[in-house]
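Me: Could you walk me through this model? I'd like to go one question at a time.

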Amino acid sequence: PQGRNQILCEVIQVPLQNGGVKHQRVFSSTKDGVTVGRAITHPDVQMEAGGMMVKDVCERTVQASGDGTSASAVLFRGLVTRCEEALGGNINPYDLKKGMEMGCERVVQFIAEKAKPIEGDRMKQIAVISANNDEKLGTTIADVTNLVGADGIIQVVRSESNETYATKSPGSQISEGFVSPHFVNVPNRLESELINPYVVLFEERINTIEAIQPIIAKALSEDSNAHFLFIAKEYSTEVVNFLVSALPHNRKSPDQKTFTSCAIKTPMLGQMGEDIMNDLAVLLKGTYISQESAVGLNPDNKNTYVDLHHLGRCGRVVINPRFTTLIDPPATEQEIDVRVAAINAEMELVEMKDFYKQRIASLRQSVAILHVGGATEGEQNERLFRVDDALKACRAAQEGGYVQGAGTLFLLAQSALKQ
């Protein structure tokens, strides 16, 4: 809580109307350990290698708990320093490693025993502390987290005003992330964001650029800013490279035509994967392009080649390394009810019903959207960092409980190492 804010500078590429690209500096202010770490590089190779190890520790911490990255960096430095001292005293490196692993197990067990489940207004307290003691912001985050529950979906977006507020929209989430990190167009959150994209639902592997070029060209002829989401079993390297190279931030020359897209794999395989893809076809009002469908991705057969009305649509799609969140899909309640009724009929015929219940829950999910505002872009960026940390901390607390912070639990854990 007593950390000092740092001012970070990031250079981004801004597309111009004439097709060129302008390099623009964006400033932000934060004291979040992992965010500061990402911004630090060193010209010396050995120093940079050490820095990368610290960054890796912080990244793993933020993924697991959402907070405590600065404490993790300090703890890592202490471990490295003590290891150097021990190795200088002729201690066997293998024995040292084995001892550290044994100590780690005891400390983890000690912390797990001290964890307490969330009760009362503890969620609000955790959110407020993780949001740098911002009472209003922490309260909003806690309210949203409690609203959607442990399995709910929360999506963070930039607000068009100074205010930070939450809304709720229909949506769903797929347990698949992008096939390549090069699709990221929101670097601060390692996400790819698509606005009102066309969605291609394909059963097989997309092997060639020629299979998707005609439908992309047709969509761009109607809307030059069209976005695309591809969901298929596999992709050739050629197809992935084509889609990545066409992203606006990868523009090589003013004459190069670009478009925004992202590719993910089919969630699950076999019959389960087909069932989920058919559910998505209903949700997105598109056609699942399979052997049973009347259309395909073979451009040589113009009579059966896919048209724009066969593609699904969605208001907004956000993809990260692990999940794809669909926000404001076009399906009506009546269309979803019909699909749910069909799934219920299938479920009556089988003993293992969990998969069918998951499909129904996915169709009926909603997404809480947290709109983060700020008076300036710098203030908004800083608030986004805090919101991201606080949300992850709340999620971790829902899953595994909470413990006292500020590194004090590590001091108490010394008792476990002395046993």
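Me: Let's start with Phe 230: which residues does Phe 230 touch, not counting residues up to four places away in sequence?

Reply: Happy to, and please keep in mind that this is a predicted model. Phe 230 is among the residues with the most contacts inside the largest nonpolar core. Not counting residues up to four places away in sequence, Phe 230 touches Val 200, Ile 206, Ile 212, Ile 216, Tyr 235, Leu 243, Ser 261, Cys 262, Ala 263 and Ile 264.

Me: How many residues does the largest nonpolar core have?

Reply: Besides Phe 230, Leu 229 and Leu 243 are named as having the most contacts inside this core. Its largest share, 6 residues, comes from α9. A second, separate core includes Met 123, Ala 131, Ala 142 and Ala 390 and has 18 residues. The largest core has 62 residues.

Me: How many residues apart in sequence are the parts that the Tyr 198 and Phe 228 pair ties together?

Reply: Tyr 198 belongs to strand β6 (residues 198-202). Phe 228 belongs to strand β8 (residues 227-232). The pair therefore ties together parts of the chain whose separation in sequence is 30 residues.

Me: Is Phe 228 buried or exposed?

Reply: The cut-off for buried is under 20% relative accessible area. Phe 228 has a relative accessibility of 1%, so Phe 228 counts as buried.

Me: What kind of pair do Phe 228 and Phe 259 make?

Reply: Phe 259 sits in the loop between α8 (237-245) and β10 (260-265), 31 residues from Phe 228. Phe 259 is buried at 7% relative accessible area. The ring centres of Phe 228 and Phe 259 are 5.6 Å apart, with the planes at 80°, so the pair is edge-to-face.

Me: Which residue has its charged end over the ring of Tyr 198?

Reply: Tyr 198 is buried, with 7% relative accessibility. Together with Phe 228, Phe 230, Phe 242 and Phe 259, Tyr 198 forms one aromatic cluster. The charged end over the Tyr 198 ring lies 3.8 Å from the ring centre and belongs to Arg 313.

Me: On to the backbone: what is the phi of Asn 196?

Reply: Most residues other than glycine have a negative phi. Asn 196 lies in the loop between β5 (192-195) and β6, and is partly exposed at 39% relative accessible area. Although Asn 196 is not a glycine, its phi is positive, at about 45°.

Me: And where is Met 268?

Reply: Met 268 is another residue other than glycine with a positive phi, near 70°. Its relative accessible area is 38%, so Met 268 is partly exposed. Met 268 is in the loop between β10 and α9 (270-284).

Me: Which strands stand at the edges of the open sheet of 6 strands?

Reply: The order in this sheet is β3-β15-β4-β14-β13-β5, with mixed pairing. The twist averages 30° from one strand to the next. Two strands each have a single partner, so one side of each is left without a neighbour in the sheet. These edge strands are β3 (153-158) and β5.

Me: Which residue in β13 is the bridge partner of Leu 194?

Reply: β5 and β13 (residues 316-319) pair over 4 bridges in the antiparallel sense. Within β13, the bridge partner of Leu 194 is Val 317.

Me: Last one: how far apart in space are Ala 413 and Leu 229?

Reply: Ala 413 lies in the loop between α13 (408-412) and α14 (414-418), and is buried at 2% relative accessible area. Ala 413 touches Val 107 and Phe 110, not counting residues up to four places away in sequence. Ala 413 and Leu 229 are 184 residues apart in sequence, and their C-alpha to C-alpha distance is 48 Å.

Notes:
Residues numbered from 1 in each chain as written. Predicted model: local features only at pLDDT ≥ 70, side-chain atom pairs only at ≥ 80, totals over all residues. Heavy atoms only, no water. Buried < 20%, exposed > 50% of the residue type's maximum accessible area, 1.4 Å probe, protein only. Phe/Tyr/Trp six-rings, centres within 6.5 Å; stacked < 30°, edge-to-face > 60°. Lys NZ or Arg CZ within 6 Å of the ring centre and 35° of its normal. Pairing = 2+ DSSP bridges. Axes fitted to C-alpha atoms, helices over the stretch in contact; angles between N-to-C directions. Core = buried A, V, L, I, M, F, W, Y, C linked by side-chain atoms within 4.5 Å. Contact = heavy atoms within 4.5 Å.
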